[in-house]
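Please look over the structure shown below before reading on. The notes that follow take up confidence, overall layout, strand pairing and the metal site in turn.

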Amino acid sequence: MDFSQLNKQRAKSFNDQKALIKKLSQGRTVICPHCELPISLTLNQHAQRSAIARCQTGCTLIELDLM
Ligand SMILES: [Zn+2]
């Protein structure tokens, strides 16, 4: 895993993350810009109001509070 890429993802604006989660929650397919695999949305089992959007290889990993 490339941690500098991960940090860039984390540094992305909250609005960008929110837009991504919104697309995923609408059932739209979002492709990871790094590995070009689809990003999937999963609810965080431990915190019901947060969700995790990640691609299959993990280069995109966004945890977002859904409130
Ligand atoms: Zn990826």
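The points below are grouped by topic.

**Confidence along the chain**
- Among the elements of the protein chain, strand β1 (residues 30–31) has the highest mean pLDDT, at 94, whereas helix α1 (residues 3–11) has the lowest, at 61.
- Where pLDDT is low, the predicted coordinates should not be read in detail.

**Overall layout**
- The protein chain contains 2 helices and 4 strands, and when it is read along the sequence these elements follow the pattern α-α-β-β-β-β.
- Of the 67 residues in the protein chain, 28% are buried.
- The protein chain exposes about 4,900 Å², and carbon and sulfur atoms supply 50% of that area.
- When contacts between residues at least 6 apart in sequence are considered, 29% of them join residues at least 24 apart.

**The sheet and its strand pairs**
- The 4 strands form an open sheet in the order β1-β2-β3-β4, and their pairing is antiparallel.
- At the edges of this sheet are β1 and β4 (61–65), each of which pairs on one side only.
- Strands of a sheet pair through backbone hydrogen bonds, in either a parallel or an antiparallel way.
- Strand β1 is joined by 2 bridges to strand β2 (residues 38–43), and the two run antiparallel.
- Within this pair, V30 has I39 in β2 as its bridge partner, while I31 stands opposite P38 in β2.
- β1 and β2 form a hairpin with 6 residues between them, and in the turn E36 has a positive phi of about 60°.
- β2 also pairs with strand β3 (residues 50–55), in the antiparallel sense and over 5 bridges.
- I39, already named as the bridge partner of V30, also stands opposite C55 in β3.

**The zinc site**
- The zinc ion has four protein donors, namely the SG atoms of C32, C35, C55 and C59, which lie 2.2 to 2.3 Å from the ion.
- The 4 donor atoms subtend angles of 104 to 116° around the zinc ion, and the arrangement is therefore tetrahedral.
- Along the chain, the donors of the zinc ion follow the spacing C-x2-C-x19-C-x3-C.
- Because C35 lies in the loop between β1 and β2 while C55 lies in strand β3, this pair ties together parts that are 20 residues apart in sequence.

- L37 is another residue in the loop between β1 and β2, and because its relative accessible area is 28%, L37 counts as partly exposed.
- If residues up to four places away in sequence are not counted, L37 touches V30, I31, C32, C55, Q56 and T57.
- L37 and G58 are 21 residues apart along the chain, and their C-alpha atoms are separated by 10.0 Å.

Note on methods. Residues numbered from 1 in each chain as written. Predicted model: local features only at pLDDT ≥ 70, side-chain atom pairs only at ≥ 80, totals over all residues. Heavy atoms only, no water. pLDDT = per-residue confidence, 0-100. Pairing = 2+ DSSP bridges. Buried < 20%, exposed > 50% of the residue type's maximum accessible area, 1.4 Å probe, protein only. Contact = heavy atoms within 4.5 Å. Areas by Shrake-Rupley, 256 points an atom, 1.4 Å probe, with all protein chains shown as cover. Donors = N, O, S within 2.8 Å, 3.2 Å for Na, K, Ca; no water. Tetrahedral: all angles 85-135°; square planar, octahedral: opposite > 155°, others 65-115°.
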